[in-house]
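Please open the structure in your viewer and keep the sequence beside it, so that each selection below can be followed in turn.

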Amino acid sequence: METNQEKEYLRKLSADDWIREMKERAERGEFEPWVDLITVEDYRRTLEKYFGNLDVLAGKKYLDIGAGFGSKLHELLKQLGVEIMNIDIGLESVKFLKEKREDGVIGDVFKLPVQENGLDGAIAVNLINTGSAMDREDLEGIFKEIHRALKEKGHLIQSHFGYFVQPIPKDEQLAAVVAAGFKNIQLIQNQLTSKLAHLEPLAFIAEKAESK
Ligand SMILES: C[S@@+](CC[C@H](N)C(=O)[O-])C[C@H]1O[C@@H](n2cnc3c(N)ncnc32)[C@H](O)[C@@H]1O
């Protein structure tokens, strides 16, 4: 069950005013209640378990898909010296990030404006189930497109805790990730926080397989 604070938040938020509200929140240094429960240090601890020493990420090229106004995972990657390119379907988000001197382009996760096999990694924080990315029919299309953009052994880090409509069942999401060609899928939602279990979270790190 959602807390009263989350229920109230979801009730008053329609897809149309999301961008305006998030921009105002970002300017005030506030984010979504559930995202606030996961800190940069939570992400650091969790990524260390997977990658070991996080210095290996310095200089790597990552795409933040559905970057919005930045996330705690985004913040950590920046601290680690990762080169981040932001993609969002919303103009406001890209404008906001550019004002913060970040690279950003308007783009759709279904057709990423990047070449094949060029990226060391991609992050998607609360992208699935939101806005136009929540098209259930084409969930596999999203993961296939991200897979196309990654180098062999590149990583996709998904952290999905919020939802605006019905969450897509975890098993269905994971089946789409596997069907897209990812392997070594490690679930990380419980390592990040146990406080959001009622929101059916799905956070994982997955790797693009090497071609034989
Ligand atoms: C809930 S917000 C999360 C933003 C940010 N990642 C965060 O965690 O704060 C979802 C973002 O995905 C973007 N988005 C929705 N559909 C998209 C699509 N098809 N392609 C790219 N971005 C999309 C929205 O504009 C929005 O900025």
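Begin by selecting Gln115, which sits in the loop between strand E3 and strand E4 (119–125); helices (H or I, at least four residues) and strands (E, at least two) are DSSP runs, numbered from the N terminus. Residues are numbered from 1 along each chain as its sequence is written. This is a predicted model, in which local features need pLDDT of at least 70 and side-chain atom pairs count only at pLDDT 80 or more, while totals for chains, interfaces and linings use all residues.

Is Gln115 buried or exposed? Gln115 is exposed, since 9 other C-beta atoms lie within 10 Å; with C-beta atoms placed from the backbone, a residue is called buried if 20 or more others lie within 10 Å of its own, exposed if 12 or fewer, and partly exposed in between.

Next, select strand E1 (residues 61–65) and strand E2 (residues 83–88), which pair in the parallel sense over five bridges, pairing being assigned if DSSP finds at least two bridges between two strands. Within this pair, Tyr62 stands opposite Ile84 in E2. Between E1 and E2 the chain passes through helix H5 (residues 72–79), making a right-handed β-α-β crossover; right-handed says that, with the strands pointing away from the viewer, the path from the first strand over the helix to the second runs clockwise.

Continue to strand E3 (residues 103–106), which runs parallel to E2 and is joined to it by four bridges. Here Asn86 has Gly104 in E3 as its bridge partner. The chain reaches E3 from E2 through helix H6 (residues 91–99), and this β-α-β crossover is right-handed too.

Finally, select helix H8 (residues 170–179), whose buried residues are Gln173, Ala176 and Val177. Why do they lie on the same side of H8? They do so because they cover an arc of only 100 degrees around the axis, the arc being that of the directions from the helix axis to the C-beta atoms. These buried residues pack against helix H7 (139–149), strand E6 (182–187) and strand E7 (202–208). After H8 comes Gly181, whose phi is positive, near 110 degrees.

How values were computed: Contact = placed C-beta atoms within 7 Å.
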